[in-house]
Amino acid sequence: MSAPPQWQWDFIGYGPIVPSFLSVCGSSLIISHVLGPGRREKLKKPHLRLLLVMSLYDLACSLVFPWSWTMQPAGYGWERARGSMSSCRAQGYFITLSTAVGAYNSLLCMYYYLT
């Protein structure tokens, strides 16, 4: 089996940039809505607190995810990788952190189901 052509590698590397940008925009809007005017009243509502924390985690992960291919150590499978072992560990931390988004989404679903 031959290696994939270069355009496929480029698509894999650069493809997540647009969806991550949209996720950053959406999470930023949710955060600004919850922390905007009337913050005290909004933060008294449990569903808005859950949504705020979920958006904060999503924002952090969405800022890091599209650049994950650059964080790989050079010489480990991706020819355009420019990272080191430290950046690879940081990438792993944020990928692991992204599981919190799903957990908070589940809590938000349970909240709506129970109310």
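Reader: How far is the sulfur of Cys-109 from the closest cysteine sulfur, in Cys-61?
Author: A disulfide is taken as a pair of cysteine sulfur atoms within 2.5 Å. The sulfur of Cys-109 is too far for a bond from the closest cysteine sulfur, that of Cys-61, the separation being 18 Å.

Reader: What kind of model is this?
Author: Residues are numbered from 1 along each chain as its sequence is written, and side-chain values use heavy atoms, with hydrogens and water left out. Local features need pLDDT of at least 70 and side-chain atom pairs count only at pLDDT 80 or more, while totals for chains, interfaces and linings use all residues, for the model is predicted.

Reader: How many disulfides are there by this rule?
Author: Cys-88 is in no disulfide, as the nearest cysteine sulfur, that of Cys-61, is 16 Å away. By the same rule the total number of disulfides is zero.

Reader: Are Cys-88 and Cys-109 buried, exposed or partly exposed?
Author: Buried means under 20% relative accessible area, exposed over 50%, and partly exposed in between, for a 1.4 Å probe and protein chains only. Cys-88 has a relative accessible area of 30%, and Cys-109 has 49%. Therefore Cys-88 is partly exposed, and Cys-109 counts as partly exposed.

Reader: Which residues make up the largest nonpolar core?
Author: A nonpolar core is a set of buried Ala, Val, Leu, Ile, Met, Phe, Trp, Tyr and Cys residues joined through side-chain atoms within 4.5 Å. In soluble globular proteins, nonpolar side chains tend to be buried together. Here the largest such core has six residues: Val-24, Ile-31, Val-34, Leu-48, Leu-52 and Leu-59.

Reader: Which helices each supply at least two residues of this core?
Author: Helices are DSSP runs of H or I with at least four residues, numbered from the N terminus. At least two core residues come from each of α2 (17-34) and α4.

Reader: Is Ser-55 buried or exposed, and which residues does it touch?
Author: Ser-55 lies in helix α4 (residues 46-64) and, at 3% relative accessibility, counts as buried. Contact means heavy atoms within 4.5 Å. Leaving out residues up to four places away in sequence, Ser-55 touches Ser-27, Ile-30 and Ile-31.

Reader: Against which helices do the buried residues of α6 pack?
Author: In α6, Ser-87, Gln-91 and Leu-97 are buried. Seen down the axis, the buried residues of α6 fall within an arc of 125°, so they line one face; on the other side, Arg-89, Tyr-93 and Thr-96 are exposed. The buried residues pack against α4, α5 (68-71) and α7 (99-114).

Reader: Which residues does Thr-70 touch?
Author: Thr-70 is found in helix α5 and counts as partly exposed at 24% relative accessibility. Its C-alpha atom is 9.4 Å from that of Ser-84, 14 residues apart in sequence. Not counting residues up to four places away in sequence, Thr-70 touches Ala-81, Arg-82 and Gly-83.

Reader: What distance separates the C-alpha atoms of Gly-83 and Glu-41?
Author: Gly-83 is found in the loop between α5 and α6. Between Gly-83 and Glu-41, 42 residues apart along the chain, the C-alpha separation is 44 Å.

Reader: What geometry does the aromatic pair of Tyr-111 and Tyr-112 have?
Author: Rings of Phe, Tyr and Trp (its six-membered ring) pair if their centres lie within 6.5 Å; planes under 30 degrees apart count as stacked, over 60 as edge-to-face and the rest as tilted. A search of the whole structure finds three aromatic pairs. With 5.5 Å centre to centre and 70° between the planes, the pair of Tyr-111 and Tyr-112 is edge-to-face.

Key: The arc is that of the directions from the helix axis to the C-beta atoms.
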